[in-house]
Amino acid sequence: MKLRPEDTVGYWLFYAQRTTAYAFYEALKACCLEHKKPYVITPPQWGVLSMLHESDGITIGAVSQKRGFDAPTITGIVKRLEANGLVKRVHDHEDRRQVKLYLTEEGRDIMQFLPDAAKSFYEILVQGFSEAEQYDFVMKLQQLIANLSSIGPGTGDRFGLLPDFMREE
């Protein structure tokens with residue numbers, strides 16, 4: 001029997017990820033338009049803004065580790081957020097080599113609205129799934145990530161985001 005791409009988990013993971021990213025972008029865009037913002041927040045930008053909203057004054061390295069992107073990618077995201085006046089970089093007073101990220105007034109303003117948009121999106125995303133099914137699904141996704149660790153560098157849990165019990169020793 002011939003293995004067709006659409007018969008594989010990988011195909012559907014990729015398709016689900018793309019569909020989710022596009023739909024989340026549209027939800028964030030609608031929120032920005034509703035509040036008459038001259039910019040549109042992307043899903044990766046939301047990841048940075050939400051971290052700063054929870055804990056202002058973190059480094060690009062900390063964002064990179066928590067969000068699962070490499071530092072140059074986060075730097076690019078931060079540059080676009082800076083260009084839109086949403087974040088600022090400030091050199092640490094004790095260690096000038098360290099640069100910390102902070103929300104600006106405009107960043108705090110949009111963060112009054114984006115969390116509700118993200119929550120509404122999430123409720124649409126998981127409709128029809130019980131809490132137990134959601135938990136089980138997340139565990140299965142984490143198992144897939146752990147399985148890929150055996151392939152080589154850059155695969156699997158390269159950012160250390162999996163729970164301890166799933167990590168290779």
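**A close look at Q134 and beyond**

Modeller: Beyond its neighbours within four places in sequence, Q134 is in contact (heavy atoms within 4.5 Å) with Y122, V126 and F129. Before going further, please keep in mind that this is a predicted model, in which local features need pLDDT of at least 70 and side-chain atom pairs count only at pLDDT 80 or more, while totals for chains, interfaces and linings use all residues. Residues are numbered from 1 along each chain as its sequence is written, and side-chain values use heavy atoms, with hydrogens and water left out.

Q134 belongs to helix α7, residues 131-148; helices (H or I, at least four residues) and strands (E, at least two) are DSSP runs numbered from the N terminus. Its relative accessible area is 19%, so Q134 counts as buried (under 20%; exposed is over 50% and partly exposed lies in between, with a 1.4 Å probe and protein chains only). For contrast, V9 in helix α1, residues 9-34, is exposed because its relative accessible area is 53%.

From α1 we can follow the chain to Y39, which sits in the loop between α1 and α2 (43-54). Although Y39 is in a loop, its relative accessibility is 4%, so Y39 is buried. Who surrounds Y39? Apart from neighbours within four places in sequence, Y39 is in contact with C32, N84, L86, E106 and I110. With one of these, E106, the tyrosine also makes a side-chain polar contact of 2.5 Å (a pair of N or O atoms within 3.5 Å, one able to donate a hydrogen and the other to accept it; residues adjacent in sequence count only if both atoms are side-chain atoms).

Three strands form an open, antiparallel sheet in the order β1-β3-β2 (strands pair if DSSP finds at least two bridges between them). Both β1 and β2 are edge strands with a single partner each, so one side of each has no neighbour in the sheet. Strand β1, residues 58-59, is joined to β3, residues 99-103, by two bridges, and here I58 has L101 as its bridge partner. On the other pairing, β2, residues 87-91, meets β3 over five bridges, with H91 opposite V99.
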